[in-house]
Amino acid sequence: MTAWIIWSIHWKNKTNLNNIRRNLAWKNSLPDNTAQGGDSNILIAYFSRVGNTDFPDDIDAVSSASLLRKDGELFGNTQYIASLIQQATDGDLFLIETAEKYPVDYDETDALGQKENRERSRPALASHVDNLDDYDRIFLGFPNWYYDMPMAVYAFLEEYDLSGKTIIPFVTSGGSGFSKAVSAIQSIQPNAEVLADGYKVTHSKVDGVTLADIQEWLDGLDG
Ligand SMILES: Cc1cc2nc3c(=O)[nH]c(=O)nc-3n(C[C@H](O)[C@H](O)[C@H](O)COP(=O)(O)O)c2cc1C
């Protein structure tokens, strides 16, 4: 049985977010869905189910795989890590957003993600970075989808020339980690420096990640 299937079963059967620890650091971190165009030379671009799905307000984070609730706010796992990186770096948050929303139902999204991966499709994107020249360092976050990046992240990477920039990947997953994502990013952007020591965390552990954890990872980065 593959790691992903094991984790998937674990997640669906045993997820219990009732004991979400209050993380004081995350407050005021609500992600925006456009780059801010401020003074920062750091962009934090991420894809997440939350932001790409029209969830009803009362969606139950405990029974809905891949969702977090922090102080009443709904977060995707990758979105949450992105928000911590934003706090640690003061960079600009950018949601990689598809034109078509993904289904609310987890299994339907799972099936659609699998189909997109099989077909190597490139979903049309609804969000675009207009001020890419402002950024030197690009944190790129995504959930692992079928041992790969979601196809929307490929669409994002193929839209821009990131030559000369440093790309710092981060991933959340059921256990597969980056799979082949780092080399895939490097082959799409051969003239960017793609750091190998990206941040990875399994989805069952996301709610316990603190700003201090992220800071420690950032302090140890090579690039
Ligand atoms: C379509 C789809 C495919 C997935 N495939 C994998 C996988 O191959 N390996 C894995 O470890 N997790 C897989 N997952 C689990 C997600 O990577 C994990 O729940 C992630 O934290 C979700 O992040 P998000 O809340 O930011 O969307 C998959 C989830 C979905 C929806």
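Q: How does the length of helix 3 compare with the span expected at 1.5 Å a residue?
A: In this predicted model, helix 3 has 14 residues and reaches 20 Å from its first C-alpha to its last. The expected value at 1.5 Å a residue is 20 Å, and the helix comes close to it.

Q: Why is helix 3 said to lie largely in the open?
A: A residue is buried if 20 or more other C-beta atoms lie within 10 Å of its own. Of the 14 residues of helix 3, the number that are buried is 1, so the helix lies largely in the open.

Q: What marks the residue just after helix 3?
A: Just after helix 3, Arg-120 takes a positive phi of about 50 degrees. Arg-120 belongs to the loop between helix 3 (106–119) and strand 5 (137–143). Most residues other than glycine have a negative phi. Arg-120 is a residue other than glycine, yet its phi is positive.

Q: What makes Tyr-146 partly exposed, and where is it found?
A: Tyr-146 is found in the loop between strand 5 and helix 4 (151–159). It has 17 other C-beta atoms within 10 Å. A residue is buried at 20 or more and exposed at 12 or fewer, so Tyr-146, with 17, is partly exposed. The phi of Tyr-146 is near 50 degrees, a positive value in a residue other than glycine.

Q: How do you know that the length of helix 2 agrees with its number of residues?
A: Helix 2 (residues 77–89) has 13 residues, which should span 18 Å at 1.5 Å a residue. Its end C-alpha atoms are 19 Å apart, which agrees.

Q: Why does Gln-87 count as partly exposed?
A: Gln-87 is found in helix 2. It has 17 C-beta neighbours inside 10 Å and therefore counts as partly exposed, since the class lies between the exposed limit of 12 or fewer and the buried limit of 20 or more.

Q: Why is helix 2 called roughly perpendicular to helix 6?
A: Helix 2 and helix 6 (residues 211–219) pack at an angle of about 65 degrees, with their axes 9 Å apart. Angles of 65 to 115 degrees count as roughly perpendicular, so helix 2 is roughly perpendicular to helix 6. The crossing of the two helices is right-handed.

Q: What is the overall make-up of the chain?
A: The chain has 6 helices and 8 strands, in the order α-β-β-β-α-β-α-β-α-β-α-β-β-α along the sequence. Of its 223 residues, 37% count as buried. Residues 24 or more positions apart account for 85% of the contacts with a separation of 6 or more.

Note on methods:
Residues numbered from 1 in each chain as written. Predicted model: local features only at pLDDT ≥ 70, side-chain atom pairs only at ≥ 80, totals over all residues. Helix = DSSP H or I, 4+ residues; strand = E, 2+ residues; numbered from the N terminus. Expected span 1.5 Å × (residues − 1). Axes fitted to C-alpha atoms, helices over the stretch in contact; angles between N-to-C directions. Parallel < 35°, antiparallel > 145°, perpendicular 65-115°, else oblique. Left-handed = near helix turned anticlockwise from the far one by under 90°. Contact = placed C-beta atoms within 7 Å.
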